[in-house]
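Here is a short note for a colleague opening this model for the first time. Please keep the structure in view while reading the points.

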Amino acid sequence: MTTTSTPEATIAEARERIDALDDRIIGLVQERMAVSAVVQQTRIAAGGRRVSLSREMEILGRYRDALGKPGTALGMTLLDLCRGRI
């Protein structure tokens, strides 16, 4: 026998999944910030600049291509989070 779920139960289950996904996304962003700090520290130690604008444009393009115009805003937010954390 198949049981049907109520709309409230379906929403609650979906929200739990969203919360779990958000936790994973936050963890990945924090990991990205740490890796970015290593890149920046290494670039500065080698006499370079902290930020590579051509690399940032490449990243923004990837987000835009994958997610459309809102992807550009998301990419900018990630870059902003990852700048100057050293």
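1. A term comes first. Helices here are DSSP runs of H or I with at least four residues, numbered from the N terminus. By that rule, Glu 56 belongs to helix α2. The model is a predicted one.

2. Start with the fold. The chain holds 3 helices and 0 strands. Its order along the sequence is α-α-α. Helix α1 covers residues 7-45. Helix α2 takes residues 53-67, and helix α3 takes residues 69-82.

3. Next, overall shape. The C-alpha trace spans about 70 × 25 × 20 Å along its principal axes. The radius of gyration of the chain is 19 Å, whereas a compact globule of 86 residues would have one near 12 Å.

4. How much of the chain is buried? Buried residues account for 16% of the 86 residues.

5. Contacts across the sequence deserve a look. Take the contacts in the chain between residues at least 6 apart in sequence. Of these, 53% join residues at least 24 apart.

6. Now the pairing of α2 with α3. Two packed helices are described by the angle between their axes and the distance between the axes. For α2 and α3, the axes come within 7 Å and cross at roughly 140 degrees. The crossing of α2 past α3 is right-handed.

7. Which residues of α2 meet α3? They are Glu 56, Ile 59, Leu 60, Tyr 63, Arg 64 and Leu 67. From α3 come Lys 69, Pro 70, Gly 71, Thr 72, Leu 74, Gly 75, Met 76, Leu 78 and Leu 79. By class, this contact of α2 with α3 has 9 nonpolar, 3 polar and 3 charged residues.

8. Is Glu 56 buried or exposed? Its relative accessibility is 11%, so Glu 56 counts as buried, the cut-off for buried being under 20%. Leaving out residues up to four places away in sequence, Glu 56 touches Val 51, Leu 79 and Arg 83. Glu 56 is also one of the α2 residues that meet α3.

9. Gly 71 sits in helix α3. Gly 71 counts as buried because its relative accessibility is 0%. Beyond its neighbours within four places in sequence, Gly 71 is in contact with Tyr 63 and Arg 64. Both Tyr 63 and Arg 64 are among the α2 residues listed for the helix contact. Gly 71 and Leu 60 are 11 residues apart in sequence, with their C-alpha atoms 7.7 Å apart.

10. Turn to the loop between α1 and α2, where Arg 50 lies. Arg 50 has a relative accessible area of 34%, so Arg 50 is partly exposed. How far apart in space are Arg 50 and Gln 40? The C-alpha to C-alpha distance is 5.0 Å, and the two are 10 residues apart in sequence.

11. Last, Glu 31 in helix α1. Glu 31 is partly exposed because its relative accessible area is 49%, and exposed would need over 50%. Glu 31 and Thr 77 are 46 residues apart in sequence. In space, C-alpha to C-alpha, Glu 31 and Thr 77 are 15 Å apart.

Note on methods. Residues numbered from 1 in each chain as written. Predicted model: local features only at pLDDT ≥ 70, side-chain atom pairs only at ≥ 80, totals over all residues. Heavy atoms only, no water. Axes fitted to C-alpha atoms, helices over the stretch in contact; angles between N-to-C directions. Helix = DSSP H or I, 4+ residues; strand = E, 2+ residues; numbered from the N terminus. Left-handed = near helix turned anticlockwise from the far one by under 90°. Contact = heavy atoms within 4.5 Å. Nonpolar A, V, L, I, M, F, W, Y, C, P; charged D, E, K, R; others polar. Rg over C-alpha atoms; globule rule 2.2 N^0.38 Å. Buried < 20%, exposed > 50% of the residue type's maximum accessible area, 1.4 Å probe, protein only.
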